[in-house]
Amino acid sequence: MKSFSKKLLEWYNPASRNLPWKQTNDAYKIWLSEIILQQTRVEQGTPYYLAFIKQYPTVKKLAAAPLDDVLKLWEGLGYYSRARNLHVAAQQVMEEHKGKFPETHAEILQLKGIGNYTAAAIASFAYNLPHAVLDGNVFRVLSRVFGIETPIDSTEGKKQFEQLAQQLLDNKNPSTYNQAIMDFGALVCKPQNPLCEQCPFSSECKALELNKISLLPVKAKKLIKSERHFHYFVLFDAKDIYIKQRTAKDIWKGLFEFPVYESLQSTVNSQQIVSHPYIKKYGEPSTIDCRLSYKQTLSHQYINGHFYEIKLEKLPKFDKSYLKIPKTTILNYAFPKIVRSYLEDRLNFLT
Ligand code: SF4
């Protein structure tokens with residue numbers, strides 16, 4: 001067959017996905033776009049990319065920003081460890097590279113939150129270095145064209161695909177080649193209903209020949225999601241409300257929420273609420289009202305948030321880990337999506 005890369009580059013039209021981060025070879029902006037687009041759709045990630053570039057046009061500005069501000073700008077995008085790592089890596093660039101984004105694959109890989117895929121993407125898109133990218137799109141295209149059934153999430157599979165991707169790379173045009181194979185996976189060899197009749201590889205594609213398109217790529221592990229129930233106590237009086245920052249090594253570290261009680265059950269009865277440590281210690285409220293429930297799906301967990309509005313004459317004093325804030329300032333804080341959805345529905349009532 002005509003070489004894989006030649007066919008791919010003949011197919012490629014750089015204008016077919018004209019995204020803002022494709023117009024630059026600034027490593028900082030490419031890095032930002034790559035982190036934002038991990039596990040995020042382009043349509044959802046684009047406004048965040050533009051907002052970050054506007055608020056933090058340089059790595060220096062990002063490094064100097066308070067983490068809470070970075071998390072606030074990230075609010076709604078999910079996988080918040082990406083934002084925390086972004087902030088740490090910006091500081092690494094300032095301290096270890098005098099503010100200049102590193103220019104080799106090995107140095108880029110040392111930055112917090114950057115794995116093989118992101119390092120290859122930055123090295124090739126910003127500096128045209130010959131490192132092949134291997135993301136979900138590339139796994140899919142290679143497994144189908146070459147009929148590879150080794151699971152992509154196994155050590156053996158990763159090695160096999162890495163070697164093949166690197167062999168196929170056009171060393172003269174690594175940036176264009178990498179962009180082309182990712183676009184090809186996104187636009188033609190799609191997960192469902194790939195456009196085989198328009199595909200330049202249809203005459204040699206093993207998956208098409210053997211009728212295995214829907215079976216490739218193969219994944220070894222089936223993901224089992226756990227279910228968690230967060231019972232939120234929205235404690236407020238005429239002026240203030242309590243929130244708390246999540247500090248444990250768990251989901252949503254650094255974000256804010258209401259005082260929470262986690263259980264395995266979806267319901268807690270009124271007796272459980274009044275016997276809850278917060279209420280027991282600080283006295284029964286005059287009303288416990290309006291239980292609203294919201295659901296959020298994360299990659300490994302289903303989170304159910306149940307909100308109990310507890311209006312008090314005067315808020316009790318909690319320890320310093322709880323923040324008593326004026327209700328009117330609540331939207332200045334970054335919350336997980338589930339709390340944000342609740343606030344969108346109930347803000348008028350609370351304030
Ligand atoms: S023929 Fe179909 S399955 Fe094979 S590479 Fe092309 S689009 Fe993908």
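These are my notebook entries on what I looked up in this structure.

**Entry 1: ground rules**

I am working with a predicted model, where local features need pLDDT of at least 70, side-chain atom pairs count only at pLDDT 80 or more, and totals for chains, interfaces and linings use all residues. Residues are numbered from 1 along each chain as its sequence is written.

**Entry 2: the whole protein**

I found 15 helices and seven strands in the protein. Helices (H or I, at least four residues) and strands (E, at least two) are DSSP runs, numbered from the N terminus. The C-alpha atoms fill a box of roughly 80 × 50 × 35 Å, taken along the principal axes.

Of the 351 residues, 31% count as buried. A residue is buried if 20 or more other C-beta atoms lie within 10 Å of its own, exposed if 12 or fewer, and partly exposed in between, with C-beta atoms placed from the backbone.

I then looked at contacts, which means pairs of residues whose C-beta atoms, placed from the backbone, lie within 7 Å. Among contacts with a separation of 6 or more, residues 24 or more positions apart account for 68%.

**Entry 3: two domains**

The protein is divided into domain 1 (4-215) and domain 2 (226-350); such bounds come from an automatic or database domain assignment. Their C-alpha centres lie 37 Å apart. Ten residues of domain 1 are in contact with nine residues of domain 2. On the domain 1 side, α5 gives the most, with four residues. That side divides into three nonpolar, three polar and four charged residues. Here Ala, Val, Leu, Ile, Met, Phe, Trp, Tyr, Cys and Pro count as nonpolar, Asp, Glu, Lys and Arg as charged, and the others, Gly among them, as polar.

**Entry 4: helix α6**

Helix α6 (residues 81-96) has 16 residues and reaches 21 Å from its first C-alpha to its last, close to the 22 Å expected. The expected span is 1.5 Å times one less than the number of residues.

Which residues of α6 are buried? I list A83, L86, H87, A89, A90 and V93. Seen down the axis of α6, they fall within an arc of 165°, so they line one face of the helix. The arc is that of the directions from the helix axis to the C-beta atoms. An α-helix has 3.6 residues a turn, so residues three or four places apart point the same way.

The buried residues of α6 pack against α2 (27-37), α4 (59-64) and α5 (67-74). The face turned away from the buried side carries the exposed residues E95 and E96. After α6 comes K98, whose phi is positive, near 50°.

**Entry 5: helix α3**

I looked at α3 (residues 42-55) in the same manner. α3 has 14 residues and reaches 20 Å, close to the 20 Å expected. In α3, Y48, Y49 and F52 are buried. They cover an arc of only 110° around the axis, which puts them on the same side of α3. Their cover includes α2 and α5. On the face turned away from the buried side I found the exposed residues E43, P47, L50 and K54.

**Entry 6: around the ligand**

How many residues surround the ligand? I noted 14, and the closest are C189, P194, C196, C199 and C205. The elements that give two or more residues to this shell are α9 (136-145) and α12. The shell divides into twelve nonpolar residues, one polar and one charged.

I took C199 for a further check. C199 is in the loop between α11 (174-187) and α12 (206-209). Is C199 buried or partly exposed? With 19 other C-beta atoms within 10 Å, C199 is partly exposed. Leaving aside neighbours within four places in sequence, C199 is in contact with V188, C189 and C205.

Most residues other than glycine have a negative phi, and most peptide bonds are trans. I wrote down some exceptions. N193, in the loop between α11 and α12, has a positive phi of about 45°. N193 counts as exposed, with 8 C-beta neighbours inside 10 Å. N211, in the loop between α12 and β1 (226-236), has a phi near 55°. N211 is exposed, with 8 other C-beta atoms within 10 Å. The peptide bond from L216 to P217 is cis, with omega near 0°. P217 is in the loop between α12 and β1.

Technical notes
Contact = placed C-beta atoms within 7 Å. Near = placed C-beta within 6 Å.
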